[in-house]
Amino acid sequence: MRDETKCLHSGYSPENTQPRVPPIVQSTTYVYDSTEEIGSVFDEPTKSLIYSRFANPTVMAVENKIADLEGGVGAMCTASGQAATLIAILNLCNAGDSIISASQIYGGTINLFTFTLKRLGIECIFVDCDASEAEISKAFKRNTKLVFGETIANPALSVLDIEKFASVAHAHNVPLIVDNTFPSPILCKPFDFGADISIHSTSKYMDGHSLQVGGVIVDSGNFDWHSGDFPSLTEPDMSYHGIKYTEVYGTSAYIIKSRMQLMRDFGAYPSAHSAFLLNIGLETLAIRMDRYCENALKVATFLQKSDKIETVCYPGLSTDKYYDLAQKYLKGASGVITVTLKGGKNAAVKFMDSLKMASNVTHVADIRTSVLHPATSTHRQLSEDKQILAGVNPGMVRLSVGLEHIDDIIEDLQQALRSV
Ligand SMILES: *Cc1c(COP(=O)(O)O)cnc(C)c1O
């Protein structure tokens with residue numbers, strides 16, 4: 001099936017007389033006929049359903065759809081994108097380990113990596129996404145367990161050279177994890193270029209309608225855990241009667257361990273109703289991504305001509321620094337544009353407050369056009385030099401182009417720019 005079809009049909013195949021739409025299975029638990037049978041499910045928890053803290057039929061239908069779209073062997077939904085990133089990393093790292101991350105990533109992820117992971121004893125070493133393979137190699141330590149980056153960085157809009165990062169990671173026998181939120185699986189298939197695991201904030205384009213915060217981890221099944229130092233996957237798990245995940249689950253070891261071990265212990269699983277809402281968004285994802293790209297390119301081209309604007313960043317513009325990487329890795333440059341206004345923060349704020357249709361929200365990737373001032377919101381907790389490293393400056397506005405008629409979007413921007 002092609003992506004448009006997968007969006008509608010993957011993950012759920014009703015049988016004769018069953019509901020056409022994946023039903024909301026709103027139940028914490030599942031009934032068994034005998035004590036013996038329920039006991040046996042605890043021995044082999046992937047065999048059947050036990051408890052909705054780590055598996056639920058409605059959520060699993062969505063997980064299977066996303067795994068299919070991304071081209072992975074399995075997926076696990078989480079209560080937020082942040083939970084997906086945290087669990088994806090803790091599934092490989094213990095206190096005393098380190099990770100390497102591109103510095104151009106989401107502000108919340110920078111906080112997680114810099115402060116919270118540090119408190120858990122995990123060090124994050126940042127490298128510029130434009131660093132050479134040799135420079136990235138230098139950041140490796142003996143305890144480095146993974147490399148992390150964002151396909152299209154929020155809000156820097158740098159495009160990750162996935163093959164470069166995958167090649168350095170694999171040379172050191174560790175996997176590459178990418179946050180593929182902005183392109184979604186429709187515009188980029190990171191596993192085709194060597195990424196091993198992907199995560200998404202499903203709160204963004206996948207949901208699309210600003211209804212439900214959520215996240216997902218997808219496993220390509222391609223990484224050979226025996227090639228590196230990953231005893232939690234290759235040696236017995238004493239919290240699960242000595243199971244060796246790679247031995248029992250083969251190429252699905254990583255994603256099954258993340259559910260059986262970490263979701264069991266952390267319980268950051270979405271509700272059935274959340275997954276039901278996410279599924280509605282996913283059904284139109286392929287169609288929507290096309291239109292976001294089309295509208296955003298027109299808006300970026302328009303903004304480039306304004307004398308109120310210093311720079312326009314959009315990897316779909318042929319003048320953009322990341323245009324070549326976007327051509328290589330992306331089917332389209334997605335819907336987010338960043339502009340830096342002449343006149344810094346004051347001009348940016350005036351422009352945003354003058355918009356009539358576009359809404360001023362923390363969110364991004366909505367069906368409605370929205371704007372945000374990263375320096376005073378998502379990246380507020382970072383010092384100014386850390387902001388610059390993450391690609392954020394005081395005059396920058398992040399514009400998330402929606403699905404309104406293109407002329408209405410441009411007219412709104414036009415009148416707001418006139419007031420600056
Ligand atoms: C929003 C976002 C996150 C965090 O996701 P939540 O669902 O808000 O927890 C992570 N990465 C990227 C690229 C994001 O845009």
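The legends below describe close-up views of a predicted model. Local features are given for pLDDT of at least 70 and side-chain atom pairs count only at pLDDT 80 or more, whereas totals for chains, interfaces and linings use all residues. Residues are numbered from 1 along each chain as its sequence is written, and side-chain values use heavy atoms, with hydrogens and water left out.

**View 1**
An open sheet of 7 strands has the order 1-7-6-5-4-2-3 and mixed pairing. Strands (E, at least two residues) and helices (H or I, at least four) are DSSP runs numbered from the N terminus, and two strands pair if DSSP finds at least two bridges between them. Strand 1 and strand 3 are the edge strands, each pairing on one side only. On average, neighbouring strands of this sheet are turned by 20° against each other, direction ignored. Strand 4 and strand 5 (residues 176-179) run parallel and are joined by 4 bridges; E150 stands opposite D179 in strand 5.

Strand 1 (residues 74-78) is largely enclosed by the rest of the structure, because 5 of its 5 residues are buried. Buried means under 20% relative accessible area, exposed over 50%, and partly exposed in between (1.4 Å probe, protein chains only). In a regular strand the side chains alternate between the two faces of the sheet. Here both faces are covered: G74, M76 and T78 on one side are buried, as are A75 and C77 on the other. Strand 7 (residues 215-219) runs antiparallel to strand 1, with 5 bridges between them, and G74 stands opposite D219.

Helix 11 lies across strand 1, strand 5, strand 6 (197-201) and strand 7, and runs at about 30° to strand 1. Helix 5 (residues 107-119) lies across strand 2, strand 3 and strand 4, at about 140° to strand 3. For these angles, axes are lines fitted to C-alpha atoms, for helices over the stretch in contact, and the angles run from 0 to 180 degrees between N-to-C directions.

**View 1. The largest nonpolar core and the surroundings of I217.**
The largest nonpolar core has 103 residues, and I99, F113, L176, I177 and I217 have the most contacts inside it. Such a core is a set of buried Ala, Val, Leu, Ile, Met, Phe, Trp, Tyr and Cys residues joined through side-chain atoms within 4.5 Å. Helix 11 (residues 253-266) gives the largest share of this core, 7 residues. Leaving aside neighbours within four places in sequence, I217 is in contact (heavy atoms within 4.5 Å) with residues including G74, A75, M76, T78, I197, I199, Y254 and I255. Another core, of 29 residues, lies apart from the largest one and has L303, V312, L355 and L413 among its members.

**View 2. The buried salt bridge R259-E63.**
R259 forms a salt bridge with E63, with the closest N and O atoms 2.9 Å apart. R259 lies in helix 11 and E63 in helix 3 (residues 57-70), so the pair links distant parts of the chain, 196 residues apart. R259 and E63 are both buried. The structure holds 11 salt bridges, each being a side-chain nitrogen of Lys or Arg within 4 Å of a carboxyl oxygen of Asp or Glu.

In the salt bridge between K145 and D97, the closest N and O atoms are 3.2 Å apart. K145 belongs to strand 4 (residues 144-150) and D97 to the loop between helix 4 (81-90) and strand 2 (98-102), 48 residues apart. K145 counts as buried at 9% relative accessibility, and D97 is buried at 8%. E123 forms a salt bridge with K141, with the closest N and O atoms 2.7 Å apart. Since E123 lies in strand 3 (residues 123-127) and K141 in the loop between helix 6 (133-138) and strand 4, the pair ties together parts 18 residues apart in sequence. E123 is partly exposed at 34% relative accessible area, and K141 is partly exposed at 41%.

5 strands form an open sheet in the order 8-9-12-11-10, with mixed pairing. Strand 8 (309-313) and strand 10 (359-360) stand at the edges with a single partner strand each, so one side of each has no neighbour in the sheet. Strand 8 and strand 9 (residues 336-341) run antiparallel, joined by 4 bridges, and T311 stands opposite T340 in strand 9. Helix 15 (residues 344-354) packs on the sheet and touches strand 9, strand 10, strand 11 (370-372) and strand 12 (396-400). The direction of helix 15 makes about 130° with that of strand 9.
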